[in-house]
Amino acid sequence: MSASVTAAAGPHPRWKQLIQQSINAHIKDEKSVLYHALATFSPAGVSSSGTAGPNTAVPHVRYVVHRGFLNENRSSDTPTGTAPAQPGFTTGTSLLTTSDVRAPKVAQLAQSGGWAELAWWHDSAQLQFRILGQLHVLPRPGHELEAHFPRERLAPARLAGERSGAESFDWEAERLRVWGKMSPGLLASFARPVPGSEHPNAAKLGDTQGGPGEDDKPAKDELQSPWPQELPQPNKKDGGEADLSEEQKKLLEISKSNFALLVLEPHQVDVVDLARDKRSLFERVTPASSANGGGDEEWKETRLVP
């Protein structure tokens, strides 16, 4: 096997470029290109709910949506198809997804030291990405988990020419930027009871309605769904918050409060190119750009047998 240490131009190592190129080329016809499986685990002796569990570590996996790289907005004016959301900073290599801060996976991350891995298949490009790293939870300001978020280490590097003493990266603006892009249905989902908790009408549902996949016409009535199905996107209302009812404002505040940004800090990226019968392992050599004095990130690429 041969290995080479490569310093990518700024915060764009080759594996990140492959992801961006694949998304840009196929997202119009392949919406599933944004979905990947995210695996966390509960340590031995601890269940996903925090109570006593099996004597071995237990994996937990679910599909989540790729919400872009850190500080990344989609743009039709750049070669990468993206541009920084906060001017003065680069886009980072950390990947973003979201969670309800009350969800079991958040507790699992706290129990396991934050280690997680995602598996991501890009069908049209015939590329598989397996990304191992530490998953950090960015909750609302004042939440007990806020103190554990390494905001300085994870912040994107400043663009060349920007003053080092200028204003710091605004993490709350980044959290709210992603929250504001949620669909009406997803905005409402963060205002429901705790995900994975017992349904408040569980005792009645068994007698009147079938479970998942059992109804020809799923009923979203007060018995089955005693919570709002959609909430308006505040930044898309003509009059902003002035167009919202008091109940909508209240529910949006609950949604915003429960919304957490999950920031995956990658350490290893395994890329398999089935179309070309190639495989490489990318391993981080230097810290993220902001923790590296703003310098280029270095990643070691080792060719592997596919």
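This is a predicted model: local features need pLDDT of at least 70, side-chain atom pairs count only at pLDDT 80 or more; totals for chains, interfaces and linings use all residues.
Student: Why is Ala202 called partly exposed?

Tutor: Happy to start there! Ala202 has 31% relative accessibility. Buried means under 20% and exposed means over 50%, so at 31% Ala202 counts as partly exposed. You will find Ala202 in helix α6, residues 202–208.

Student: What makes β9 largely enclosed by the rest of the structure?

Tutor: Count its buried residues: 13 of the 15 residues of β9 fall under the 20% cut-off, so the strand is largely enclosed by the rest of the structure.

Student: How do you know that β9 pairs with β8?

Tutor: Two strands pair if there are at least two bridges between them. β8 and β9 are joined by 12 bridges, so they pair, and they run antiparallel. One of the bridges sets Leu138 against Leu261 in β9.

Student: Which sense does the pairing of β6 and β9 have, and over how many bridges?

Tutor: Strand β6, residues 95–100, pairs with β9 in the antiparallel sense over six bridges. There, Asp100 stands opposite Phe259 in β9.

Student: What joins β9 to β10?

Tutor: Six bridges do, and these strands run antiparallel. Asp270 stands opposite Leu281 in β10. The hairpin of β9 and β10 has four residues between the strands, and Asp277 takes a positive phi near 55° in this hairpin.

Student: Which residues touch the most other members of the largest nonpolar core?

Tutor: Trp15, Ile19, Phe129, Ile131 and Val269, out of 30 residues in that core. Elements giving two or more residues to this core include α1, β8 and β9.

Key: Residues are numbered from 1 along each chain as its sequence is written. Side-chain values use heavy atoms; hydrogens and water are left out. Buried means under 20% relative accessible area, exposed over 50%, partly exposed in between (1.4 Å probe, protein chains only). A nonpolar core is a set of buried Ala, Val, Leu, Ile, Met, Phe, Trp, Tyr and Cys residues joined through side-chain atoms within 4.5 Å.
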